[in-house]
Amino acid sequence: MTHPRPETDAPIDAVITWVDGNTLRHRRAREHYMAQAGVELHENAVNPHRWASSGEILYCLQSIENFAPWMRKLWIVVDHEVPDLSPLSAELRAKTEIVLHKDIFREFNSDLPTFNSLAIESLLWRIDGLSERFVYFNDDVFLTEPLQQAEVFQGDLPVLRGSWVDYSALLDAPGVRADPAKFNHFMQINAAQMAGVTARRMFATDHVVHPMCRTVMARLFDHHAEAFSANVKHRFRDLSQFLPQGLHNQTCLAENAAVINAVKDHLHVESGQGIGEPAEKTWALLNRARRPDVKFLCVNDLTQLELVVPNARVWLSDVVGGFPVLAQ
């Protein structure tokens, strides 16, 4: 950990990736390119839950308005479909911009369409007009308490959430590469190795908001040009890829240019959480999101959560300080 630097008046933006995998256009394109892949795709790459949209982005945006109104602009990165933001306030919509994949892929447009979040995350920093300091959200990540700028950036230092781990045993473990639950571990291992860090002691980034510096990503893009190009070319997730925000974080830590948040202030509700278990057990987990020390929430699959907790949207609306959104 390094010492915090003085605060700055430089703006902080939010970047949110979104896709509606339920549209006929997206489903047909997905099926076409899956058939063209020529190799067996990893289960983590083709699970349809990865592209499901159930209105989560409205909760995400509402939570930012309620708990981080100081964010300058909110950039939503999409393929073709655009989310309906009409339920949100005029003030929030006025500070929200839509960015198409083609706007950031540019010379890589021949690799579109893509169904791969790792490819998209490799190029988010190329949004025209994006602030130097920005916070990357998946659309299933929400704020649940007032957020101060210093909780994501201390001066120009990103505040990282995660832990030091030893993933070296995964490298030779039989069958583990096929495990969808371990896929992200390999993406982080690949990122660490690019930064000159071994799997024996590396920083594993949690699935939460990701404070990032645009110039750091630009420098990494230039330094690892071939690796970024390879990351972008995969239309579906592949075990050879790296986690871009993981590379960013490992690099910042190696350069003593990041702060590690020492307190776990986030809650992760995983896909399939509570299925086959008593609803009371799931409620016990969900109620942790109401604690004042929890500022961030990730709900990986809201539709599946509703199978266990039918009024999950009312709960989610309450914890993000927003409004109930009807089921999609």
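1. Phe115 is a buried residue, since its relative accessible area is 4%, where buried means under 20% relative accessible area, exposed means over 50% and partly exposed lies in between, with a 1.4 Å probe and protein chains only.

2. The model is predicted, so local features need pLDDT of at least 70 and side-chain atom pairs count only at pLDDT 80 or more, whereas totals for chains, interfaces and linings use all residues. Residues are numbered from 1 along each chain as its sequence is written, and side-chain values use heavy atoms, with hydrogens and water left out.

3. The protein chain contains 13 helices and 13 strands, which are DSSP runs numbered from the N terminus (helices are H or I with at least four residues, strands are E with at least two). Its radius of gyration is 19 Å, close to the 20 Å that the globule rule gives for 328 residues, so the chain is as compact as a globular protein of that length; the radius is taken over C-alpha atoms, and the rule is 2.2 Å times the number of residues to the power 0.38. Along the principal axes, the C-alpha trace spans about 50 × 45 × 40 Å, and 52% of the 328 residues count as buried.

4. The largest nonpolar core has 82 residues, and those with the most contacts inside it are Ile64, Phe137 and Leu297. Such a core is a set of buried Ala, Val, Leu, Ile, Met, Phe, Trp, Tyr and Cys residues joined through side-chain atoms within 4.5 Å. Helix α3 (residues 56–67) gives the most to this core, with seven residues. Apart from it lies another core of 15 residues, which include Leu170, Phe183, Ile189 and Val197.

5. Leaving aside neighbours within four places in sequence, Ile64 is in contact with Ala14, Ile16, Pro69, Met71, Leu74, Phe137 and Leu143, contact meaning heavy atoms within 4.5 Å. Ser63 is also placed in helix α3, and at 0% relative accessibility Ser63 counts as buried. With the neighbours within four places in sequence again left out, Ser63 is in contact with Ala68, Phe142, Leu143 and Val320.

6. The structure holds eight aromatic pairs. In one of them, the rings of Phe108 and Phe221 have centres 6.4 Å apart and planes at 85°, so the pair is edge-to-face. Phe108 lies in the loop between α5 (101–105) and α6 (117–121) and Phe221 in helix α8 (residues 214–223), so this pair ties together parts that are 113 residues apart in sequence. Phe108 is buried at 10% relative accessible area, and Phe221 is buried at 12%. Phe108 and Phe221 also belong to one aromatic cluster with Trp125, Phe228 and Phe242.

7. Two charged residues sit over rings, which requires NZ of Lys or CZ of Arg within 6 Å of the ring centre and within 35 degrees of the ring normal. The charged end of Lys73 sits over the ring of Trp75, 5.4 Å from its centre, and Arg133 lies over the face of Phe153, at 5.4 Å from the ring centre.

Definitions and conventions:
Phe/Tyr/Trp six-rings, centres within 6.5 Å; stacked < 30°, edge-to-face > 60°.
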